[in-house]
Amino acid sequence: MYNFKFILILKNNLLYRIMNYIKCLNQTQGKLNETKVLKYLNRKNDEDDFWLDNNVKNNRGVIDFRHNTKNFMVELKSRNFNYNDYDDWQIGLNKIVHMMENPEYQYVVFFLFYDGLYSWNFNIANLINNCCCKEGGTNKRGTNEITDNVFIKKEYLTLVSADVVNEPLEEDDDDICLL
């Protein structure tokens, strides 16, 4: 007869590994999307006017991309949905706080959906008039990731390109994420 405690430990360990795998897939997909959007931003191939990956040094940059000469930054949010699936879209409050604390930059938030790349220009008026703050997030990756977020109504997002899209990873590809 199996020891109940052993079975419970085995079940929790397996669940933990599955949730870590899902989180790893999400992070891998996010990094691939950052590469795709950075390539789109740099499509002109201008050696004097280009965008940089702000996460290169430590993979923990608060804002994803910065312009090489202009005080301009872009944050990318990858969403595993179509633009019309929800009435509003969230960004972490920590990102908004960073933008407010660093007013020397202009900020744009990109949302990459299955059906296109959309943008929202950050400024205080847009924040006050087009957004609300509430808790949001997920617990689908094995931990509670519910945090304070800013929700932007979808009608305030602007289509940038229908050709740049979020493409889901194939979960059966063993080379994507190793535990």
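This is a predicted model: local features need pLDDT of at least 70, side-chain atom pairs count only at pLDDT 80 or more; totals for chains, interfaces and linings use all residues.
Local features need pLDDT of at least 70 and side-chain atom pairs count only at pLDDT 80 or more, while totals for chains, interfaces and linings use all residues. Residues are numbered from 1 along each chain as its sequence is written, and side-chain values use heavy atoms, without hydrogens and water.

Within α2, K95, I96 and M99 are buried, that is, under 20% relative accessible area, where exposed is over 50% and partly exposed lies in between (1.4 Å probe, protein chains only). Seen down the axis of α2, the buried residues fall within an arc of 95 degrees, so they line one face of the helix; the arc is taken from the directions from the helix axis to the C-beta atoms. The face turned away from that buried side carries the exposed residues N94 and E101. The buried residues of α2 pack against several elements, including β5, β6 and α3 (124–130), with contact meaning heavy atoms within 4.5 Å.

Strand β6 (residues 116–122) is mostly covered, with six of its seven residues buried. Strands β5 (residues 106–113) and β6 run antiparallel and are joined by seven bridges; two strands pair if DSSP finds at least two bridges between them. A hairpin of two residues connects β5 to β6, and V108 stands opposite N121 in β6. Strand β9 (residues 158–161) is also antiparallel to β6, through three bridges, and there Y118 stands opposite L159.

The next topic is charge pairing. A salt bridge is a side-chain nitrogen of Lys or Arg within 4 Å of a carboxyl oxygen of Asp or Glu, and by this rule the count comes to seven. K31 forms one with D53, the closest N and O atoms being 3.3 Å apart. This pair links K31 in helix α1 (residues 4–41) to D53 in strand β1 (residues 51–53), 22 residues apart.

D49 meets K44 in a salt bridge at 3.5 Å, N to O, and K70 in another at 3.9 Å. Because D49 lies in the loop between α1 and β1 and K70 in the loop between β2 (65–67) and β3, the second pair ties together parts 21 residues apart in sequence.

Notes:
Helices (H or I, at least four residues) and strands (E, at least two) are DSSP runs, numbered from the N terminus.
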